Amino acid sequence: MSALVIDCPTGLAGDMLLSALLDLGVPESVVHQPLQALGLAKAYALNVEEAKSGGLRGLRLTVRSEESNPPHRRWSDLSLLISDASLSPSLKAKVLQVFQALADAEATVHGCAPDQVHFHEIGAIDSLVDVIGVCAGIEHLSPGLIYCTAPPAGHGRVTTAHGVLPVPVPAVLELAKRHQLPLLTGENFPAAELTTPTGLALMAALADHFHRPSRMEVEAVGIGLGHRSLDRPNLLRMMRIRDATRTEPGWQELVVQEAWIDDATAEELASLAQHLRLAGALDVAQGAVLMKKQRPGTAVMALTTPNQAAALRQVWWRHSPTIGLREREQGRWVLPRRCGTSTTPWGMIRAKQTRRPDGTFTLKWEQDELQRVSAEAGLTVMELRERLSRETLAFVPEEDWQC
């Protein structure tokens, strides 16, 4: 299983994402098939050429409209068109998610209901090709994870169907706000619209992380070139990297948050731990410490992922008396595991299956499930666990391998 890393030093745009996918080996037929299913086969022509930007090669893509009188499509019309099309459920869901993100952002910007959004630019055929083509290309590659670097927004002004607008354009700012997406700014970037609403909406819907992975074993690279001439190569790099999390121990990036507290009751500390877990902490631990002036205190430590760190900080400020929080980046090696159910003589029991480095599998039943079944069967948890260990049980996974 592979992961994708999208490096966008000069921004995000739908045509750059699509051309990078094609350069990575996605067949053009993957792009055309869903567009044909939507009845748009004769509405566009796709031109893909090998080109250079700043001396570096890549693919540049141009979508030419073949519609003599292009309609102004509303989101309500588009959503019905996509929902009724004979697309795979997963592809349909991805496409709808991207367009819904765009519709919500445009509705906020223009002060109207999302269903009434007129897609002057978003509904144009080139944007339809970009969104549907990128979603289809990603589904074709089927990556385990998608990483995207923080895109530069650019600065200056741009001419749109609504007139001259400042960069970042309002829809980009609204998307970044709604989805909590990082945008890079500064005068060191070119004075241009570097990240478009379509490009940002695609990554808002498809990307799992907005940072680089800490390790990369690169299998292939696709380069998508932009159309604008800049003071640097205008390109987007899409890298397929080896993701070993499904076959062997994988590396997981973590954030450790810690505070020493000497002015909270045991009940308050227990409540803090519960709120941290509910906010996304992978684990919470407590231990006794001796603080300044020889006061006994409690060290509370929470383990979380980089994406959840900001949410956990708010829990510390709201549910604990601490006025300072230590935080450090860390990581761990974890074995692949997946959740599911196991068929037993006492019915279905939820369990977790783990793959060991030697290729063997182990099964661990959820403790609350064991307690439930033991009460129903009149057995102690220890007796139930022992009898389960002697059975040959079928495991039915409910989710894919993850670390």
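Modeller: Contact here means heavy atoms within 4.5 Å, and the model to which this is applied is a predicted one.

Biologist: Which residues of H10 and H11 meet under that definition?

Modeller: On the side of H10 they are Gln367, Leu370, Gln371, Val373 and Ser374, and these meet Val381, Leu384, Arg385 and Leu388 in H11. By class, this contact has five nonpolar, three polar and one charged residues.

Biologist: What makes H10 roughly perpendicular to H11?

Modeller: Helix H10 (residues 367–377) and helix H11 (residues 381–389) pack at an angle of about 105°, their axes being 9 Å apart. Angles of 65 to 115 degrees count as roughly perpendicular, and therefore H10 is given that description relative to H11.

Biologist: Why is Ala105 called buried?

Modeller: The cut-off for buried is under 20% relative accessible area, and Ala105, at 0% relative accessibility, therefore counts as buried. Ala105 lies in helix H4 (residues 89–110) and, leaving aside residues up to four places away in sequence, touches Ala171, Glu174, Leu175 and Arg178. From Ala105 to Ala176 the separation is 71 residues in sequence and 9.5 Å in space, C-alpha to C-alpha.

Biologist: Turning to the sheet, in what order do its four strands stand, and what makes E10 and E12 its edges?

Modeller: The four strands form an open sheet in the order E10-E11-E9-E12, with antiparallel pairing. Strand E10 (283–290) and strand E12 (326–334) each have a single partner strand, so one side of each is left without a neighbour in the sheet. From one strand to the next the twist averages 30°.

Biologist: How do you know that E9 and E11 are paired?

Modeller: At least two bridges are needed for two strands to pair, and strand E9 (residues 250–261) and strand E11 (residues 296–304) pair in the antiparallel sense over seven bridges. The bridge partner of Trp260 in E11 is Ala299.

Biologist: What makes the pair of Trp251 and Trp333 edge-to-face?

Modeller: Two aromatic pairs are counted. For Trp251 and Trp333 the centres are 5.4 Å apart, with 65° between the planes; pairing requires centres within 6.5 Å, and planes over 60 degrees apart count as edge-to-face, so the description follows. Because Trp251 lies in strand E9 and Trp333 in strand E12, the pair ties together parts that are 82 residues apart in sequence.

Biologist: Why is Trp251 called partly exposed but Trp333 exposed?

Modeller: Exposed begins over 50%, and partly exposed lies between that and the limit for buried, under 20%. Trp251, at 34% relative accessibility, therefore counts as partly exposed, whereas Trp333, with a relative accessible area of 52%, is exposed.

Conventions
Residues are numbered from 1 along each chain as its sequence is written. This is a predicted model: local features need pLDDT of at least 70, side-chain atom pairs count only at pLDDT 80 or more; totals for chains, interfaces and linings use all residues. Side-chain values use heavy atoms; hydrogens and water are left out. Helices (H or I, at least four residues) and strands (E, at least two) are DSSP runs, numbered from the N terminus. Axes are lines fitted to C-alpha atoms, for helices over the stretch in contact, and angles run from 0 to 180 degrees between N-to-C directions. Buried means under 20% relative accessible area, exposed over 50%, partly exposed in between (1.4 Å probe, protein chains only). Angles under 35 degrees count as roughly parallel, over 145 as roughly antiparallel, 65 to 115 as roughly perpendicular and the rest as oblique. Ala, Val, Leu, Ile, Met, Phe, Trp, Tyr, Cys and Pro count as nonpolar, Asp, Glu, Lys and Arg as charged, and the others, Gly among them, as polar. Rings of Phe, Tyr and Trp (its six-membered ring) pair if their centres lie within 6.5 Å; planes under 30 degrees apart count as stacked, over 60 as edge-to-face and the rest as tilted.
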